[in-house]
Amino acid sequence: DRVLRAPFSGTITEIDILPGETVTMAPIVNLLAASDFEVTARIPEIDIGKLLVGQKVEMTFDARDDELLTGEINFISLKATEIDGVAYYEAMITMDQLPAWMRSGLNADIEVIIEEENGALKIPKRFVTNTDGIYTVQQKNGETIATTTIQVLLEGNDGFFALTGLSAGDTVVAPE
């Protein structure tokens, strides 16, 4: 005799009540949104200070590991959840585009873009020497090898530095 209206369109995926049962405060219907998926990421406490609402993310889902999806952090929980003695914070990610294959409950690897530098040269960290905060590389010019001071713009978690002080095509050698 009553009508329930969902606040969004979607598909009912589960009904947890039978005719004649009494309704309590517990959820009785799961409604999966048709188009508004969010990704929930658990961020360990050691990394939570690096996150901000609005940061871009790149995601690779186990279901389609050859496809890179992008999104943006739109919420970071203030309350931690403890898992195996480690505090984790939930971050909600809005996807830029929703692929047709997306389903609820999929696992993903998520890279949060903390900082980025466009148009900079990048070289493997093993070619860079840091002495008291001064970064140098061994640059080869013909048969001569000279030490060149560089400025590190940012250090990636992929084993590379983005830098200035060299030009595209310069040859650097690994320090001994």
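Visitor: How does the lining of the second largest pocket divide by class?

Guide: Classes go by residue name: Ala, Val, Leu, Ile, Met, Phe, Trp, Tyr, Cys and Pro count as nonpolar, Asp, Glu, Lys and Arg as charged, and the others, Gly among them, as polar. Here the lining of the second largest pocket has ten nonpolar, four polar and four charged residues. This is a predicted model, in which local features need pLDDT of at least 70 and side-chain atom pairs count only at pLDDT 80 or more, while totals for chains, interfaces and linings use all residues. Residues are numbered from 1 along each chain as its sequence is written, and side-chain values use heavy atoms, with hydrogens and water left out.

Visitor: What volume does the second largest pocket have, and which residues are closest to its centre?

Guide: On a 1 Å grid over the protein atoms alone, a pocket is an open set of points where a 1.4 Å probe fits, with protein on both sides within 12 Å along at least five of seven lines; lining residues have an atom within 4 Å of a point. Points are joined across faces, edges and corners, and the volume is the space filled by probe spheres set on them. The second largest pocket has a volume of about 390 Å³. It is lined by 18 residues, with Glu-38, Val-39, Thr-40, Gly-105 and Leu-106 closest to its centre.

Visitor: Which elements give two or more residues to the lining of the second largest pocket?

Guide: Strands (E, at least two residues) and helices (H or I, at least four) are DSSP runs, numbered from the N terminus. The elements are strand S3 (38-44), strand S6 (86-95) and S7. S3 gives the most, with five residues.

Visitor: And what volume does the largest pocket have?

Guide: About 700 Å³. Of its 23 lining residues, Val-112, Ile-114, Glu-115, Gly-156 and Asn-157 lie nearest the centre. Strands S7 (108-112), S11 (144-155) and S12 (160-164) each give two or more residues to this lining. By class, the lining of the largest pocket has eleven nonpolar, two polar and ten charged residues.

Visitor: In which sense do S4 and S5 pair?

Guide: Two strands pair if DSSP finds at least two bridges between them. Strand S4 (residues 56-61) pairs with S5 in the antiparallel sense, over six bridges. Val-57 stands opposite Gly-71 in S5, and the two strands form a hairpin with two residues between them. S5 is also joined to S6, antiparallel, by nine bridges, with Glu-72 opposite Thr-94 in S6. The hairpin of S5 and S6 has two residues between the strands, and Asp-84 takes a positive phi near 50° there.

Visitor: Is Gln-55 buried or exposed?

Guide: Buried means under 20% relative accessible area, exposed over 50%, and partly exposed in between (1.4 Å probe, protein chains only). Gln-55 counts as buried because its relative accessible area is 10%. Gln-55 is found in the loop between helix H1 (45-48) and S4. Val-86, in strand S6, is partly exposed at 30%.

Visitor: What does Gln-55 touch, leaving out residues up to four places away in sequence?

Guide: Contact means heavy atoms within 4.5 Å. On that basis Gln-55 touches Lys-50, Gly-71, Glu-72, Ile-73, Val-112, Ile-113 and Ile-114.

Visitor: Where does Ser-77 lie?

Guide: Ser-77 is in strand S5 (residues 64-83) and is buried, at 15% relative accessible area. Leaving aside neighbours within four places in sequence, Ser-77 is in contact with Tyr-89 and Glu-90.
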